[in-house]
Amino acid sequence: MNWMIRRHKKICFVDLYDEENLGDPVIAYCAEWLFRQCMGDEQTRISHVSLSYVEKQDYTDPEMPFLWRIRRDRYIKKGWDKEVIKFNRLYAQVMIRDYFKKTVRRPDMIILSGGGIIKFKYQKFWRSVPALLQYAEQKGIPVAMNAVGVEGYEEGYHKCLRIKEALHLPSLKYFSTRDDYDTAFYQYFEGNPQVPCKRVPDPAVWTAEAYGVSRQTDATTIGVGIARGKLFHSNGIDVGPDQLKTLYRDVILLLTQKGYQVEVFTNGLAYDNDFSMEVIQSLPQLKINYYFPQTAEQLVRRIASYRAILATRLHASIIAFSFGIPAVGMVWNNKLRFWGEFIQRPQNYVPADRLDAAYLVEVFENAVREGYDETYREKVKAEALENMRCICDIVRKL
């Protein structure tokens, strides 16, 4: 009798599972959970590689290998600044490539779990994402990009060109974005993608099920999610720390005056926590509770305990959506605007030029009254599940 032994497929998830912003580990966890749901009983071995780790390395570190340092110091001594810049880029490229060689252990497929990684302004995924796709191309490993965030494009800019060239490599077999489909389709893919290219929901719309957490139906507390003071400035919006602190303070005052019980929370980032304490200290007349989660599950459970939230970070709103908890957000990046449009609640996501405390509270109270269209909420979740099924279909054919 001939026995066929089915080899377990090896899948490498490349994601931001160790990010301090706990919204990113939630994405990673939900993406793997959806994958396992779609694969059913089919056996797979899953590993995770950190995209965050490679991004946080200092590639101008004086501890670089001896021969590299000699070459760099020669350029510095001669005052060849352009050569130093080129050298640093080359060194970073080699180190990132070596990182993927060591960590991506010849899987059958690489899946980028999601998150804002098609970006180039103040994070450096423009280096690591192309390096990963190039490595996959060299080793013949297919890649799927799952519900990634696409944050901008500048024609002719070398960072965008690196991303663009990588997205045209044959190693990429599937691409989906959670937000700016037009930029992905018409600029990065030039209107002619050679792979399936879709706009889909973020996998975190399944947070409640993935973590096995239920909404606290008798909740009375309102969560006010605070982010760092320079967040808007970092994204090119003229709202500074003092203005933002005043806004948060006035929102909390108005909510408490209206009789709401308020708790300040963050998505776990140290800068967000520090700025939250500054806001709280600006309201000495009030005793304000606060909660700074240390794990993704703590963040999920805390949001599930709120009646509604008024938040700044995107994934506070997406986690709330997964529980059917009303959420209002402040738009410091277009991804929040895209999210509001996707769930048919654009009015709940307030642009920077409307950031007034009274208006925010008015929008918040309207959002609480309206809630969600539950039929549409289930449709959004079904679309996220179908997106992962498409990726699993590719895996099965390998």
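Student: How do you know what the 12 residues of helix 11 should span?

Tutor: At 1.5 Å a residue (taken times one less than the number of residues), residues 270-281 should span 16 Å, and the end C-alpha atoms are 17 Å apart, which agrees. Helices here are DSSP runs of H or I with at least four residues, numbered from the N terminus. This is a predicted model, where local features need pLDDT of at least 70, side-chain atom pairs count only at pLDDT 80 or more, and totals for chains, interfaces and linings use all residues. Residues are numbered from 1 along each chain as its sequence is written, and side-chain values use heavy atoms, without hydrogens and water.

Student: Which residues of helix 11 are called buried?

Tutor: Asp272, Asn273, Phe275, Ser276, Val279 and Ile280 are buried, with under 20% relative accessible area for a 1.4 Å probe and protein chains only, while exposed means over 50% and partly exposed lies in between.

Student: What makes these buried residues line one face of helix 11?

Tutor: Down the axis of helix 11, the buried residues fall within an arc of 170° (using directions from the helix axis to the C-beta atoms), so they line one face. Tyr271 and Gln281 are exposed, on the face turned away from the buried side.

How values were computed: Helices (H or I, at least four residues) and strands (E, at least two) are DSSP runs, numbered from the N terminus.
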